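Please have the structure open while I talk.

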Amino acid sequence: MAFDEMRGAENGVRNAYRAYQRWLEATPVERLIEKHQQADLIFRRLGITFAVYSSDEGAERLIPFDVIPRILDAEEWKIVGTGVCQRVRAINAFLDDVYHEQHILRAGRIPRDLVLNNPCFRPEVLGLDLPRNIYVHIAGIDVVRVSANEFYVLEDNARVPSGVSYMLENRETMMRLFPDLFASHPVAPVNHYPEVLLRTLRAAAPPGVVEPTVVVLTPGFYNSAYFEHAFLAMQMGVELVEGPDLFVEDDLVYMRTTDGPKRVDVIYRRIDDDFIDPLAFNADSVLGVPGLLSVVRNGRVVLANAIGTGVADDKAVYCYVPDMIDFYLGEKPIINNVPTYRLSDADDRGYVLDHLEELVVKEVGGSGGYGMLIGPASTSEQRFEFRKKILADPENFIAQPTLSLSTCPTLVDAGIAPRHVDLRPYVLTGETTTVVPGGLTRVALREGSLVVNSSQGGGTKDTWVLEA
C-alpha cells in the first residue's frame with residue numbers, strides 16, 4: 001500500500017499536515033472547486049501551456065494544477081535538499097573528470113565503454129577547462145518517496161531541465177487564491193529563484209569579465225517549454241534570444257540589438273547539444289549559432305549547461321552515481337538510487353525478461369514518460385513488443401522495480417482522493433551548490449497511475465516546505 005504523506009502516521013495526520021488538515025476539514029469542497037477554476041483562468045491568461053507533439057487533440061494544453069499543496073516539514077526537506085546537492089556536486093566532479101584525466105574510468109569504478117561510447121559523450125569538449133569546473137549549473141533531480149524517511153532518486157536531469165516556471169507560478173497562484181493559508185503556515189519562499197539563477201549564471205562568466213551579459217537561448221515559440229524560457233528571461237531581466245539573434249565574430253559571441261552588436265558572456269541555453277552549433281554538430285540545424293563551439297573552447301563564452309552534460313543523466317550511467325559520490329566526495333549517498341537492472345548485463349537481462357509484468361522498463365535516453373513499459377499496467381501485447389525491443393538493443397534499456405510512490409490528497413472529479421506524486425527540486429551551482437526549498441511536485445491525476453508527466457496526463461502541485 002502506498003505511503004500517504006498526510007495520514008502516514010499511526011496516530012492520524014502527520015505533523016506537516018496538521019494545521020492544513022484542520023483548514024481542509026472546515027472548507028467546503030465547493031470552495032476548492034471554485035479556486036481550482038480560478039487557477040485555470042489565471043494559467044490560461046498567463047499562457048502557461050505545454051505542447052504535446054504526439055497529441056491528436058491539438059498541440060497546446062493547459063497544464064493541470066491541483067490547489068491542494070504537497071507539504072514537507074523542515075526535517076524532511078533537510079534529507080531531500082542535502083541529498084540532491086550532494087548528488088549534483090558529484091555529477092559535476094564526474095563530468096570534469098571524464099572530460100579531462102578520466103580517473104574514475106581508470107579506477108574501473110564505471111565501465112569505460114558506457115561513458116566513452118555513450119551518444120551524449122562529446123569528445124569535442126575533451127580538455128576544456130570551465131570556470132569553477134562547473135558543467136551542470138542547473139539540475140533537476142527527480143525524487144520519489146516510499147515511506148516516512150525513505151526517499152529515492154529516480155533520475156537526474158543534467159542537460160536542459162524544465163518545469164521551474166511551474167514551481168514559481170504555482171506558488172504565485174496559491175498565494176493569490178489562499179492568502180489566509182500563507183498567513184497561518186511558515187512556508188519557505190521560492191520566489192527568489194530567478195535572483196539566485198541570475199547570480200549563478202553571472203558567476204559562470206569567463207575569467208576577467210566583471211559585468212557579464214547573460215542571455216536565455218530558446219529554440220523558439222514552438223518549443224514545448226517556450227513559456228518557461230520567456231518567463232525566466234523576464235524574471236531575471238535578461239534578453240530572450242534565438243539562434244539568428246547571435247553571431248560569432250573575432251572569437252566572441254555577439255547579440256544583435258537596435259544599438260548595434262553587444263558582446264554576450266553567458267548563454268543559458270535551452271537547446272540540445274545536437275542543435276547548438278551547425279558547424280560542429282548537426283549541420284542542418286537552424287536553431288543554434290554557427291561557430292559557437294570554437295568560442296566556448298577558447299573560453300570566451302560560457303554555456304549553461306555545458307556541452308556534454310547528457311552523459312551524466314543517461315539512465316545507465318545513473319546506476320553509478322553512488323560510485324561517483326564515494327569516489328569524488330568520499331561520502332555515502334544521502335538519497336539512494338532506485339535499484340536498477342542494466343539490460344546490457346546478461347544476468348540482469350534474463351531476470352528482467354522473466355519478470356516484465358513486475359518491472360518498469362525505460363529507454364536510457366527517454367524522457368517525458370515516453371519509451372517506457374510499466375509492467376503491472378501493461379498488456380501481454382505490450383510486453384511482447386518490449387521483449388523484442390530489448391533483445392534487439394539491450395544496451396538501450398534499464399529496468400527498475402515498480403515503486404509504490406507516496407500519495408498526497410488531490411482534488412479530483414469525485415472529491416478529494418490520494419494520488420501518486422514525485423518531486424523535482426532545482427539545484428543551482430555557481431559559487432556554491434544550493435537548492436531553493438521546494439521544487440515541482442508532479443501528480444498522477446488518474447487513479448492508480450504512477451506516471452506523473454504532464455504529457456501523460458499528470459498535473460502539478462505547489463510544494464510547501466515548512467520552516468522550523
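I will go through the nonpolar cores, then the cavity, and then the backbone.

A word on the basis: this is a predicted model, in which local features need pLDDT of at least 70 and side-chain atom pairs count only at pLDDT 80 or more, while totals for chains, interfaces and linings use all residues. Residues are numbered from 1 along each chain as its sequence is written, and side-chain values use heavy atoms, with hydrogens and water left out.

In soluble globular proteins, nonpolar side chains tend to be buried together. By a nonpolar core I mean a set of buried Ala, Val, Leu, Ile, Met, Phe, Trp, Tyr and Cys residues joined through side-chain atoms within 4.5 Å, where buried is under 20% relative accessible area, exposed is over 50%, and partly exposed is in between, with a 1.4 Å probe and protein chains only. The largest such core has 73 residues, and those touching the most other members are Phe-94, Leu-95, Ile-110, Leu-246, Ile-267, Leu-292 and Met-324. Helix 3, residues 74–98, gives this core its largest share, 10 residues; helices here are DSSP runs of H or I with at least four residues, strands are runs of E with at least two, and both are numbered from the N terminus.

What lines the largest cavity? Its lining consists of Val-125, Leu-128, Leu-130, Val-296, Leu-303, Ala-306 and Ile-307. A cavity is a set of points on a 1 Å grid over the protein atoms alone where a 1.4 Å probe fits but cannot get out, and lining residues have an atom within 4 Å of a point. Grid points are joined across faces, edges and corners, and the volume, the space filled by probe spheres set on the points, is about 40 Å³ for the largest cavity.

Turning to the backbone, most residues other than glycine have a negative phi, and most peptide bonds are trans. Ala-304 and Asn-305, however, are joined by a cis peptide bond with omega about 0°, and Asn-305 sits in the loop between strand 12 (302–304) and helix 12 (321–329).

Gln-102, in the loop between helix 3 and helix 4 (103–106), has a positive phi of about 60° although it is not a glycine, and this residue counts as buried at 12% relative accessibility. Arg-132 likewise has a positive phi of about 60° without being a glycine, but Arg-132 is partly exposed, at 47% relative accessible area.

Key:
1 Å grid on protein atoms, 1.4 Å probe; cavity = no way out; pocket = protein on both sides within 12 Å on 5 of 7 lines; lining within 4 Å.
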